Amino acid sequence: MIKLREEFNKGLFWTVGNGLSISIWKDNWLTGGKATTFALPNVDTSSDIKVNSLISNQQWDRNKIERLFNYRGLQQIQKIKLPYNNISDKLVWSSDRNGNFSTRSAYELISNNKTPRIDYHSWIWKLNTYPKIKNFLWRLSHNGLPTKMKLYQKNIVIPLSCNACQNPEEDVKHLFFQCPFTINQIYEQDPVTLGYIRNINLNNEQIKTILLDLSSTMPKEKIIILATTWWAIWYFRNQNLFLTNPTEKIQNLPRFIKTLRLNWGKTRNLNKEPTENIHTLKKQPPRKKRNIHWVKPDVHKFKVNFDGAVNTNGNSAMGFIIRDHSGRPVFMDHESGTNLSVLQTEALALRAAIRKVKELNLSLVEIKGDNLCLINVLKGIWCCPWDVDPIVSDIRFELSNCPGFHFSHVFREINQVADCIAKLGFLQDRSDWRDDLELSALIRNDALG
Ligand SMILES: [Zn+2]
């Protein structure tokens, strides 16, 4: 049992609040490994000093850190974003994205990657859907889909960026779990299904484990919705990537998926696959067109747009803009960082924006972001992933006495100004980013409506 406890402890992880509860050398609080591995050679790592001794004025104290840690350790520590408010440290189960304990993640941790006797794939063949979708899932779970990153690993030279969102790398995790385009498609089919996939941990997990996780937590009909949507995204991607005149138009994808799902329900008793193509869809009424313009706030109100971005070098940038009812910028700012997830950059951008709004004493504010996960976390719909928990606590604290603040999700195309400001954070030269031509054009465009 003691052996087991040691193994369990490996999965326990501290998120830093005020640092009072965390022992620097004994506890797990750095994502890169035990703190002792980053200690300078002369440092006594048997002492029980706490993480708060590395913090002064809610900031990491670089001098103190450098007395104990090597450069890699310093980088590890600076990766952790401290909350502004005095919140206590939190112990989480790090194998799970929300920090909740699960027997399966514990079992996998203990089994120490020795392949446990789990049948990873039989659930796929039992799904009540098209054989082609089951085949697709099977290939996905074996990491057998030729994504651009996959081809790159086989030394095939091609542009690597995602066609849908220009993310620098297109791999299965991006394509099926993280791409905003995919997220929107799943959301359009069924928001509940999206909830399941946004709450899983993608880091350090193999795709087959992720899928197995999904299959054990999601109702079968939701898995089928998800798989059908993924299959169709892959199908459309290939059409648009390889055919000069693709027969399928990307705008038709949501209807295409719905029809696909409907047709299976209708014909499954005939035990054959219906032929689905876009021509069978034409009789349906046109979809309501999405309003893709930024909308000015009402008189006396203000609107905040925020965004975060991460590039291939691991640099991150975040930005926000506050505008009045005429679309005129009241304030905008950006910041850069390293080694943050997209979700963390989004949360940091939002926290900075809210602080500024309060500093300027603005009371009626609409806050818009394109990160559905963060917005839903703040609305209390989804659990908060542990890596952004301290920042989200700050945001909640700031908002607790501001009844005039409202959040909502906007699609990426409406959030271009914030995206542009955030990306200027990648530039070395901050001097005249306010005069950036692209940015001013986008702001003007928004103001025209
Ligand atoms: Zn993408």
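Trainee: What share of the contacts in the chain with a separation of 6 or more comes from residues 24 or more positions apart?

Mentor: This is a predicted model, in which local features need pLDDT of at least 70, side-chain atom pairs count only at pLDDT 80 or more, and totals for chains, interfaces and linings use all residues. Residues are numbered from 1 along each chain as its sequence is written. Two residues are in contact if their C-beta atoms, placed from the backbone, lie within 7 Å. Among contacts with a separation of 6 or more, the share from residues 24 or more positions apart is 67%.

Trainee: How many helices and strands has the chain?

Mentor: Both are DSSP runs numbered from the N terminus, helices being H or I of at least four residues and strands E of at least two. The chain has 9 strands, and its helices number 18.

Trainee: In what order do the strands of the open sheet lie?

Mentor: Two strands pair if DSSP finds at least two bridges between them. The sheet has 5 strands with mixed pairing. β6 (residues 315–323) and β7 run antiparallel, joined by 9 bridges, whereas β5 and β8 pair in the parallel sense over 5 bridges. The order is β7-β6-β5-β8-β9.

Trainee: Which are the edge strands?

Mentor: An edge strand here pairs on one side only. The two are β7 (329–338) and β9 (405–409).

Trainee: Why does β8 count as largely enclosed by the rest of the structure?

Mentor: A residue is buried if 20 or more other C-beta atoms lie within 10 Å of its own, exposed if 12 or fewer, and partly exposed in between, with C-beta atoms placed from the backbone. β8 is largely enclosed because, of its 5 residues, the number buried is 4.

Trainee: Is Ile414 buried, partly exposed or exposed?

Mentor: Ile414 is found in the loop between β9 and α17 (416–424). Its C-alpha atom is 9.3 Å from that of Gly369, 45 residues apart along the chain. Ile414 has 19 C-beta neighbours inside 10 Å, and therefore counts as partly exposed.

Trainee: At what angle do the axes of helices α9 and α12 cross?

Mentor: Axes are lines fitted to C-alpha atoms, for helices over the stretch in contact, and angles run from 0 to 180 degrees between N-to-C directions. The axes of α9 (residues 180–189) and α12 (residues 220–242) come within 10 Å and cross at roughly 135°.

Trainee: How is α9 classed relative to α12?

Mentor: Angles under 35 degrees count as roughly parallel, over 145 as roughly antiparallel, 65 to 115 as roughly perpendicular and the rest as oblique. The crossing angle is roughly 135°. The class of α9 relative to α12 is therefore oblique.

Trainee: Where does Asn57 lie, and is Asn57 buried or exposed?

Mentor: Phi of Asn57 is near 50°, a positive value in a residue other than glycine. Asn57 is in the loop between β2 (55–56) and β3 (59–60). With 6 other C-beta atoms within 10 Å, Asn57 is exposed.
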